[in-house]
Amino acid sequence: MQVDIQHVVCSHLSELVHSAMLQRSQSDTIASGSPNQLPQLTNRNRRASVCGEPIGDNPPLMLDQLYRELQATADEKARSCYSSHKRELFFFDNLNGDQDELLIRSLKREYIRSGEVIFREGDYGDKVYLLEKGRVEISKINYQGEEEVVQILDGHGCFGELAVLYNKPRAATVKTMGDCTVWTIERRVFSSVVVALNARRMSNLESFLRTVPLLKHLEDDEISRIADALFSIDYSPGQTVIQEGDEADGMYFIEKGEVSVTTTMEEDEGLEKTVQLKTLGPGDHFGEAALLWKQPRMATVTAISDLTVAKLPSDSFERLMGPCQDVMEKDIEFFKLEKDRLLKQAKSS
C-alpha cells in the first residue's frame, strides 16, 4: 500500500492511527532502547499514514523545493542514526527511498548538556528528536499536579513526533539525565513528507478501489470518502483474518494475496469438519454480511499467501456503504445458497 505533490493538506486522520496513538502515547514519545523498568509505551505493528498540519502562515513545502534547500549529501552518522530508528516510528514505515533521503539530509546534530530540559509539556512542537547518545527522562503532570516520570530512554529512542504530527502542544516534558547527542528533524520538513505520504496513500487506495467490482458504480467523491476511512493490514500465510462466530468489526477489501473462506460442520460423534467454501483474491471483499445483518461472522477467512487487506471499520461501513447495499445483499444471498450446497455435499460424501 504503498505523485507530483502540489499543496496537499490533509483533513482526516487514519482511524487506526488514532487507536495506535492512544495506546502508546501519553508522553509524546515512542519507547525504545533501555526502559530501566519504567512503564513502556506500546509500538504499532501496522502501516498507516496521517497528517495534522493545518493551512496557515507556514504550510508544508513541496518536496522538490525541500530537495533544493537541503544539503546535497547526507552525513553518514545521520544516515546511521536514521536507519537504526526507522522501524520505531510508525510514520517511517511507509516512506519511499526519496522521502527517506530527504529526512536523512534534513537531520541536524545537537549536543545537550546534562540536566537541561529539551522541551516542556505544553510547549509548541517544532522538532522531532532521535536520541543517539545519553539518557533522557520523560515526565508528565499527574492528577495530583505533581511531575511524574513515565519513561526513560537510554542511548536510543524517538520522541517529540506527535506534537509535530498533530500540530498539538507537547504532551510531556523531556529532560536530559547526562550529556546527550540527538539528531533533529524540523517541523516543516517532517510535515511536508507526511503530507506527501498521505497524498500517495490516498491516490493508491482510490486507484485500487476503482478496480473493485462492488464499487464500480460509485462517484469519485464517494470513492474518496471510503479510501479515507480505510487502513491496511498485512497477514502472513496461515494467519486468520476473521473467525466464524466472532463479532464483526469491519469489512475487508483484498489489495494483495489470496484467502481461503471456510466453515465448520458437525459430523457424527460430535466431531467437526472444515469445509472449503471459496478462494478470494485481489479486488474481492469479505466481512460485509455480518455487518449488514448484525450477526456473528458466517465463515472463517485465512491468508493463503502474504496478504494485504484494506479494512473498513464498522462505523464507517454504516456511514459509507449505503449506495452498495442492494449489490451486497444479492451477493450475500448467493453466498448463503452456495454455502448450504457445499455443506450438503460435504455431508453426503
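The model is a predicted one, in which local features need pLDDT of at least 70 and side-chain atom pairs count only at pLDDT 80 or more, while totals for chains, interfaces and linings use all residues. Residues are numbered from 1 along each chain as its sequence is written, and side-chain values use heavy atoms, with hydrogens and water left out.

Let's begin with the helices. Helices (H or I, at least four residues) and strands (E, at least two) are DSSP runs, numbered from the N terminus. Find helix H3 (residues 76-85) and helix H4 (residues 97-106), which pack at an angle of about 125° with their axes 9 Å apart. Here axes are lines fitted to C-alpha atoms, for helices over the stretch in contact, and angles run from 0 to 180 degrees between N-to-C directions. That angle makes H3 oblique to H4; angles under 35 degrees count as roughly parallel, over 145 as roughly antiparallel, 65 to 115 as roughly perpendicular and the rest as oblique. Where do H3 and H4 meet? Ala78, Arg79 and Tyr82 in H3 meet Asp100, Glu101, Leu103 and Ile104 in H4 (contact means heavy atoms within 4.5 Å). Sorted by class, this contact of H3 with H4 has 4 nonpolar, no polar and 3 charged residues. In this sorting, Ala, Val, Leu, Ile, Met, Phe, Trp, Tyr, Cys and Pro count as nonpolar, Asp, Glu, Lys and Arg as charged, and the others, Gly among them, as polar.

Now follow H4 to its contact with H6: the axes of H4 and H6 come within 10 Å and cross at roughly 175°. H4 and H6 are therefore roughly antiparallel to each other. On the H4 side the contact is made by Gln99, Leu102, Leu103 and Ser106, and on the H6 side by Val189, Val193, Ala196, Leu197 and Arg200. Its residues divide into 6 nonpolar, 2 polar and 1 charged.

Helix H6 (residues 187-209) also meets helix H7 (residues 220-229), with axes that come within 9 Å and cross at roughly 120°. H6 and H7 are therefore oblique to each other. Arg201, Met202, Leu205, Glu206 and Leu209 of H6 touch Ile223, Ser224, Ile226, Ala227 and Asp228 of H7. The classes in the contact of H6 with H7 are 6 nonpolar, 1 polar and 3 charged.

Next come the strands. Strands of a sheet pair through backbone hydrogen bonds, either parallel or antiparallel. Two strands pair if DSSP finds at least two bridges between them. Strand E5 (residues 135-141) runs antiparallel to strand E6 (residues 147-154), joined by 7 bridges, and E5 is also joined by 4 bridges to strand E8 (residues 173-176), again antiparallel. Look at Ser139: its bridge partner in E6 is Val149, and Ser139 stands opposite Thr173 in E8. The hairpin of E5 and E6 has 5 residues between the strands, and Gly145 takes a positive phi near 80° there.

Elsewhere, an open sheet of 4 strands has the order E11-E16-E13-E14, with antiparallel pairing. Strand E11 (240-242) and strand E14 (272-280) stand at the edges with a single partner strand each, so one side of each is left without a neighbour in the sheet. From one strand to the next, the twist averages 35°.

Finally, which ring pairs are there? Rings of Phe, Tyr and Trp (its six-membered ring) pair if their centres lie within 6.5 Å; planes under 30 degrees apart count as stacked, over 60 as edge-to-face and the rest as tilted. By this rule the count comes to 4 aromatic pairs. In one of them, the rings of Phe119 and Phe159 have centres 6.1 Å apart and planes at 45°, so the pair is tilted. Phe119 lies in strand E3 (residues 117-119) and Phe159 in strand E7 (residues 157-159), so the pair ties together parts that are 40 residues apart in sequence.
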